[in-house]
Amino acid sequence: MTAGEFPHGGQGGLLRGGPGCALRGCYKALSLLLLLAQGALLDLYLIAGTDLYWCSWIATDLVVVAGWGIFYSKNSRGQSAFQGSLSSSGYGQVQRPKKGQFAYSHLAWLIYAIAFTPKVALILCTPIVDQIEAGVPLGSTGFRLTVALSVPLLWALVRSLSVDPRGWPHQRATGCFLASCLDLLDSYALLQHMLEGKLPLTPLIRYPLLAVYFVALASPVLWLSELDSGAPAGCCRLFLRLLSGSLVDAPLLALRCFLMLGPANQPASVFMLKNVFFLTCRWLEVLELCCLLRSPGPDHTVRPPGQFSHCVSENDMGPHAYVNTLAVTSQK
């Protein structure tokens, strides 16, 4: 740990508890409440449509909530171990933890997507979607709000894991969340047209639409896995970015073009501009990273904010580095 990390930009003061830990605890509780609320409402729609296998749906919700609880426990344990390494090592060198702030988060979202997908698919692909209009409070409007709870759930997950809102992982996660949020809203807009009967419910339209929606729902697994790895940009991460950039926007753009030019005769949507823009930006980002990796040159090590030494020599970086830094700073 450098001399400037302690007072200015390090994680030492941010990982010791306080308001930040309390807020992350609130976001964790909020995410679990959203999980329970969404699962319970979907179970209500399934039980109202048919009482077949209703116990299995409730058991699935309990398994998902228990899995998220284990994930939060392991993540907090890893952060606590990192805090212990900070306090035990004093002002010396601190080794980075093997897992970062977003450790195991991609597994938690993958479990959620796997449990959420069959419920919504069963409701939309069977007469249950017509029965809930008359047999369930709020009817199809409540079902739409229930499906849309995936967006605040992802937001609560990201906020519950961000240690420092000023840090790079939080900024990267926020940008990826906004992109996934727009993808979900884009696919949900098409899904809402299908629920309102504005689209022909032929298998050629229904099943690709459902597939695109569920791919958009599972796409955060890719960038959560990238945030968990914490490795420098390489071929694997470039492939993940290229995959995440094309896996959602390209099928959505193709589907909207088909609906606009095909027999459905749908008007052009503003989301088509979003699809083209996102595809172009993500491909340019991957191309830029490829050029940076292939170009020869010196290894420019980017120092995180606040890590400056005030021209302190290596001899001053001992147990009394902080005192020596204050002395050098006061002389200036």
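Student: Are W68 and W109 buried or exposed?
Tutor: Both W68 and W109 are buried, where buried means under 20% relative accessible area, exposed over 50%, and partly exposed in between (1.4 Å probe, protein chains only). This is a predicted model, in which local features need pLDDT of at least 70, side-chain atom pairs count only at pLDDT 80 or more, and totals for chains, interfaces and linings use all residues. Residues are numbered from 1 along each chain as its sequence is written, and side-chain values use heavy atoms, with hydrogens and water left out.
Student: How many aromatic pairs are there?
Tutor: The structure has 10. Rings of Phe, Tyr and Trp (its six-membered ring) pair if their centres lie within 6.5 Å; planes under 30 degrees apart count as stacked, over 60 as edge-to-face, and the rest as tilted.
Student: Why is the pair of W68 and W109 tilted?
Tutor: Their planes are at 55°, so the pair counts as tilted, and the ring centres are 6.5 Å apart.
Student: And what about Y112 and F116?
Tutor: Those two are stacked, because their planes are at 25°, with centres 5.5 Å apart. Y112 has a relative accessible area of 3% and is buried; F116 is also buried, at 3%.
Student: Which residues form the aromatic cluster?
Tutor: One cluster is made up of W68, F71, Y72, W109, Y112 and F116.
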